[in-house]
Amino acid sequence: MDRKAVVVGGGVAGITAALMLRQQGYQVTLIERAEELGGLLRSVYPFGSDYAFDFGTHLGRETGIDELDSLLYDGLDAPRLPSTLAGSFHGRLFEGNAFLSDQGLPERQRRAGLEALINRRGGSVYEDLSDQLVRQFGEVYAEQLFEPIIEKHFGCSAKELAPEAHRLFGLARLVAGNAEQTKKLKQTPQHDEVLAYHSHLDLISSQRSLYPAVGGMGTWIDHLHRRLIEAGVTVRTNCSIERFDRSRRSIIGVHTDQGAYEVDHLVWCAPLFALAKGLGLPLPEGGPPRRLTTTLQHLLVDADYQTDLYYLHCYEPSMKTFRVTLYDNFSSTLRGKRRLTVEHLLTPSDFAQLDEDAHARETDYELVEMGIIPSSASVTDRHLAVYPNGFPIPTPDFVGANEQLLETARTATDNVTLLGKNIGKIWFMNEVLVDAYRQISAL
Ligand SMILES: Cc1cc2nc3c(=O)[nH]c(=O)nc-3n(C[C@H](O)[C@H](O)[C@H](O)COP(=O)(O)OP(=O)(O)OC[C@H]3O[C@@H](n4cnc5c(N)ncnc54)[C@H](O)[C@@H]3O)c2cc1C
């Protein structure tokens, strides 16, 4: 008889797990709380079907694992894109890549910064994020470049955050010195891991980005949903879990408002907190951790963009914009007006005081200041989407509580696989996909 698997959470992690488990011969049920699958990969159409918007920059990208790429992308009408044109703004538009750069610093500080980076202390165990930044990038870059951006994005200082927190926002590397110096320095591993190439064209990768020919990333999810059905996976959307049946350390049944399912193996791709609560496990003290809320303003403008970038990060401390997505530079469904999504990161207190009109005015002003649209352009349509509590603020308490929760869940169960960004260890889409592939392959 087929072994029975229940997958909880229908984002990309859960979808991938469900497809793979089915291939392994499991009878699979995928349970999703929302109306549709996809989690953060849904597209929205606030101004009609001609204009798709996503949760910000979510280009598909091949993982480099043929079997996984074929599972995810075969049969999808999605042209492979020319090398991803990412950029950043810090005083001027930098069309090299989306990492933080020293280009905006005065020449003297750039030289001092590069020298301090080359002579940095290094290490692998850090007291906090501030300590890590100094050891990895040297004092000058840490203070002049990273600290102000950490403060802007997280609303607190690097001293208050756990090491590794900066990786969340593409701050894992730095563009420093000139292109030739970088290429030379990157030949040694300790410099390679902290320096970014000056141009995306220098990075030779066989993995390509892709984007659906019609609609947005939600088209990809619809494609995967069809694959799930064709493969014989039972998909339950709008479905809430009521309780679990347990036998010693195994979960043997899941009860939902749409029926009960027997379980030989459970794959959990939803927030860890919900699993711990459902199993009656002890929760970390101190209440829910602080998180950042993302606002996404989906805009239509009546003029061409002034740049070819697909997306850019705004590293200007005096500006509020976090990231801008310029869909019509990578999507083939070009219509009359140009689409943009402008993301902002807000702390809980900033979000509580949000003034929507001021938010809109600031956004339009910054788009012109950054040189993305001309001053003569008008925003003709605007839709404000809010993704509450999306980004963790990784303080040491937060990281400690998550570790504790993970450990508790792992020791309390012996037939559960934990996957996806909601487990708190990994964040980016391809990290999530590759981790899901590895863990399910190993079952
Ligand atoms: C604003 C924003 C921008 C991002 N931009 C990028 C980017 O540019 N590049 C990148 O690589 N990554 C980006 N990410 C991260 C990326 O979105 C994630 O890596 C990816 O979507 C994670 O997929 P997942 O399946 O793990 O989680 P999710 O997409 O969160 O899916 C989890 C699913 O579980 C469901 N669920 C929750 N609770 C329950 C429950 N109790 N029962 C049943 N179902 C439940 C949810 O409804 C959801 O469908 C971004 C994230 C955010 C928040």
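From which domains does the lining of the second largest pocket draw at least three residues each? In this predicted model, the contributors at that level are domain 2 (98-198) and domain 3 (291-392).

The space in this second largest pocket comes to about 380 Å³. Its lining consists of 20 residues. Those that lie nearest the centre of the pocket are Lys320, His344, Leu345, Leu346 and Asp350. Sorted by class, the lining residues of the second largest pocket are eight nonpolar, six polar and six charged.

A separate part of the model to follow is strand S13, which covers residues 265-268. Which way do its residues point, and are they buried or exposed? His265 and Val267 point one way from S13, while Leu266 and Trp268 point the other way. All four of these residues are buried.

Strand S13 pairs with strand S1 (residues 4-8) and runs parallel to it, with four bridges joining the two. Within this pairing, Val8 has Trp268 of S13 as its bridge partner. S13 also pairs with strand S19 (residues 416-418), again in the parallel sense, over three bridges. Here the bridge partner of Trp268 is Leu418 in S19.

Notes
Residues are numbered from 1 along each chain as its sequence is written. This is a predicted model: local features need pLDDT of at least 70, side-chain atom pairs count only at pLDDT 80 or more; totals for chains, interfaces and linings use all residues. Side-chain values use heavy atoms; hydrogens and water are left out. On a 1 Å grid over the protein atoms alone, a cavity is a set of points where a 1.4 Å probe fits but cannot get out, and a pocket is an open set with protein on both sides within 12 Å along at least five of seven lines; lining residues have an atom within 4 Å of a point. Grid points are joined across faces, edges and corners, and a volume is the space filled by probe spheres set on the points. Ala, Val, Leu, Ile, Met, Phe, Trp, Tyr, Cys and Pro count as nonpolar, Asp, Glu, Lys and Arg as charged, and the others, Gly among them, as polar. Domain bounds come from an automatic or database domain assignment. Buried means under 20% relative accessible area, exposed over 50%, partly exposed in between (1.4 Å probe, protein chains only). Two strands pair if DSSP finds at least two bridges between them.
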